[in-house]
Amino acid sequence: MIWIAIRMLTGDAQKFFGLVFGIAFSTLLITQQLTIFVNLLERGASGVYNVSSADIWVMDPVSRTTDVAYAMPSTALDKVRGVPGVEWAVPHIRANASVRTKDGDLEGVAVIGVDDATLIGLPKNMVEGSADVLSRPDSVIIDDVGTTRMFPDQSPIGERLELNDQRAVIRGIADAIPSFTSTVVLYTKYSNALNYVPGTRNRLSFVLVGAEDPAAAKTLSERIERETGLKAQTREEFARDGVQFIIDNTGIPLNFGITVALGFIVGVAIVGLTFSLFIRDNIKQFGALKAIGVTNGKIRRMVAAQAGLVGLIGYGLGVLGTVGFISAFSSDPTFKGFYIPWQIPIISLVAVALILGLTGWLALRSVLKTEPAAVFR
Amino acid sequence: MSAPAICTRAVTRDFQAGQQTITVLHGIDLDVKAGEMTFLVGESGSGKTTLISIMCGILWPTQGEVKVFGTDIYDLSDDELVEFRLNNIGFIFQQYNLIPSIDAASNAAVPLMAQGMDREEARMRAVAMLEKLNIGDQAAKLPNQLSGGQQQRVAIARALVHEPRLVVCDEPTAALDASSGRRVMDLLREVAVAENRACIIVTHDNRIFDLADRILVLEDGVVTHDGTEMPEDH
Ligand SMILES: Nc1ncnc2c1ncn2[C@@H]1O[C@H](COP(=O)(O)OP(=O)(O)O)[C@@H](O)[C@H]1O
Ligand SMILES: [Mg+2]
């Protein structure tokens with residue numbers, strides 16, 4: 001009987017492909033929208049993710065994210081280094097500046113000063129050049145998004161910039177996850193950054209900490225807070241704070257959330273409608289089968305097989321489509337580093353399965369309840 | 001004398017038409033014998049289709065009792081009745097409801113597959129039945145590639161393939177010319193009439209009345225005649 005069910009499903013190729021397409025499209029819609037939503041929010045944590053070696057971020061108690069930080073006196077570094085369990089601690093500066101390009105354009109940039117000796121604070125990978133270029137005078141490394149923004153059609157290597165009346169030469173391109181606002185980022189040595197960023201006495205934005213036991217980072221961060229009076233967040237906590245900041249301070253969650261919800265509803269409605277239309281098309285045949293002698297249980301199993309087959313194919317194509325979409329745009333800075341969190345395909349699978357089950361059940365109810373004679377009238 | 005194949009007692013059936021309740025059958029008491037071809041004859045609207053639907057277990061009587069080969073079929077649970085139909089009853093209604101996406105042989109094989117028979121074997125038996133009905137060469141065609149008469153034969157094959165003990169056929173000749181009608185009736189007699197098996201044909205086609213072993217006349221939901229010939233006044 002399952003064979004008959006599958007034939008009923010695939011017999012009319014046009015309807016079958018319509019059904020598969022409907023489910024694939026809806027899965028794509030749901031998966032893709034949720035993926036973009038989550039990745040966009042995660043951009044709030046890109047500053048943390050780009051410094052993968054730091055287990056703990058130490059900051060002024062009022063600082064909130066990598067981009068919303070209040071500077072500390074440089075003595076904070078020694079205080080942190082004195083806390084037991086700290087393997088290493090390095091200074092980290094993050095500040096905004098305006099940069100004048102060769103053509104005289106003004107661009108807002110983020111200047112990130114990394115530890116002179118260890119270069120901790122740089123993204124792990126480089127697109128061009130090596131991290132060592134920072135040892136040459138006036139060197140800065142630009143991030144790849146900054147490259148596409150400031151130097152759309154040329155290589156930035158060797159370009160000169162003017163920062164706070166100081167000369168800066170771009171000598172490398174870093175492979176970094178862009179920030180929520182896709183600001184151009186210039187990495188340089190901490191000592192250089194002090195010159196590039198106009199400011200007051202206190203300049204130290206963060207102290208980055210490596211823990212002796214990274215697994216016990218949480219305990220260590222609490223000890224740092226107790227002993228220094230500063231705020232210390234583990235990498236995960238600080239990443240979450242960055243995302244939460246976006247949620248609290250932008251219209252993204254509400255505005256885009258509504259769009260995502262609409263996409264979800266539209267997707268679910270398409271799946272439900274196409275599948276219940278399919279059942280309705282075949283209602284007489286199911287009725288005739290019941291009259292001949294196929295039990296309700298077997299008819300349910302037939303419909304479940306149909307839903308399962310069309311659902312899996314459609315869902316698979318939809319997820320593949322999302323993967324294709326994300327990878328097709330991965331070179332575009334807007335989508336750089338986008339990934340599909342594993343929870344999202346599961347959410348869309350559950351949504352597709354639920355709606356197929358529900359509409360199948362609703363559409364079948366009339367067959368299962370009424371007297372079989374009805375189909376022969 | 002053996003027990004009747006079908007036995008109805010005080011069977012009534014009401015339909016709801018808007019606010020009104022119309023009673024289509026008014027207390028039918030019938031015994032249908034095995035080994036005969038029984039005709040159920042009557043004007044259009046007299047309740048023939050309703051009565052045979054009740055007899056073959058796909059329409060519930062409002063009141064009364066129906067025994068098919070000794071089983072009180074409306075006393076069975078829903079699933080038991082479905083099983084009973086599958087193993088004992090074959091029917092051909094005016095709507096064939098063939099499955100459009102499987103070929104003639106597979107359509108005819110549906111009852112066997114529903115009984116759990118292996119698909120290939122079921123198909124082989126169905127092809128043999130189609131051959132008996134002279135459409136063996138159409139076995140691999142889809143229903144929409146067949147003429148109306150051929151589709152009817154596929155429906156007949158589907159009704160007979162599992163050798164049910166009761167075969168019910170609603171107006172088999174209504175859409176056919178005289179000679180095709182006769183051929184279908186001959187076929188039905190050949191394959192459906194046997195000892196221990198019962199066959200009921202609903203018709204108002206007077207061209208074939210002579211083929212009946214027994215004729216029942218239904219008028220406005222009441223059986224008004226029961227004999228081997230049509231009554232004089234018809
Ligand atoms: N499902 C139904 N709902 C309402 N009325 C029905 C239904 N089935 C049959 N009837 C009515 O019952 C009467 C007898 O119908 P039917 O048994 O089909 O007669 P016949 O087969 O003798 O032409 C008709 O008047 C018909 O309109
Ligand atoms: Mg009728």
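This is a predicted model: local features need pLDDT of at least 70, side-chain atom pairs count only at pLDDT 80 or more; totals for chains, interfaces and linings use all residues.
1. Extent of the contact. Chain B brings 27 residues to the contact and chain A brings 24. Together the two chains bury about 2400 Å² between them, and carbon and sulfur atoms account for 63% of this area. On the side of chain B, B:N97, B:I99 and B:S101 provide 21% of the area that chain B buries against chain A, more than any other three residues.

2. The rule finds two salt bridges across the interface of chain B and chain A. In a salt bridge between B:R13 and A:E371, the distance from N to O is 2.9 Å. Side chains of opposite charge can pair when their charged atoms come close. The interface also has ten residue pairs in polar contact, with both residues at pLDDT 80 or more.

3. Which elements of chain B take part. Two elements of chain B, α2 (78-88) and α4 (110-114), each give two or more residues to the side that touches chain A. Of the side of chain B that touches chain A, α2(B) supplies the largest share, with six residues. Sorted by class, this side of chain B holds 15 nonpolar, five polar and seven charged residues.

4. Where ligand 1 sits. Ligand 1 lies between chains A and B. Its surroundings include A:R377 from chain A, and from chain B the residues B:F15, B:V24, B:E43, B:S44, B:G45, B:S46, B:G47, B:K48, B:T49 and B:T50. Helix α1 (residues 48-55) of chain B gives the largest share of this shell, three residues. By class, the shell around ligand 1 has two nonpolar, six polar and three charged residues.

5. Polar approaches to ligand 1. An oxygen atom of ligand 1 comes to 2.5 Å from an N or O atom in the side chain of B:T50. Backbone atoms take part as well: a polar backbone atom of B:G47 is 3.0 Å from an oxygen atom of the ligand, and a polar backbone atom of B:S46 is 3.3 Å from an oxygen atom of the ligand. Ligand 1 taken alone exposes 560 Å², and the protein buries 69% of that.

6. Salt bridges in the whole structure. Over all chains, the structure holds 18 salt bridges. One pairs A:D67 with A:R94, whose closest N and O atoms are 3.9 Å apart. This pair links distant parts of the chain, 27 residues apart. A:D67 belongs to the loop between β1 (56-59) and α4 (75-81) of chain A, while A:R94 is in strand β2 (residues 86-100) of chain A.

Note on methods
Residues are numbered from 1 along each chain as its sequence is written. Chains are lettered from A and ligands numbered from 1 in the order in which they are written. Side-chain values use heavy atoms; hydrogens and water are left out. Contact means heavy atoms within 4.5 Å. Buried area is the accessible area (1.4 Å probe) that two parts lose on being put together, summed over both. A salt bridge is a side-chain nitrogen of Lys or Arg within 4 Å of a carboxyl oxygen of Asp or Glu. A polar contact is a pair of N or O atoms within 3.5 Å; within protein, one must be able to donate a hydrogen and the other to accept it, and residues adjacent in sequence count only if both atoms are side-chain atoms. Helices (H or I, at least four residues) and strands (E, at least two) are DSSP runs, numbered from the N terminus. Ala, Val, Leu, Ile, Met, Phe, Trp, Tyr, Cys and Pro count as nonpolar, Asp, Glu, Lys and Arg as charged, and the others, Gly among them, as polar. A residue is near a molecule or strand if one of its heavy atoms lies within 4 Å of it. Accessible areas come from the Shrake-Rupley method with a 1.4 Å probe; for residues, only the protein chains shown count as cover.
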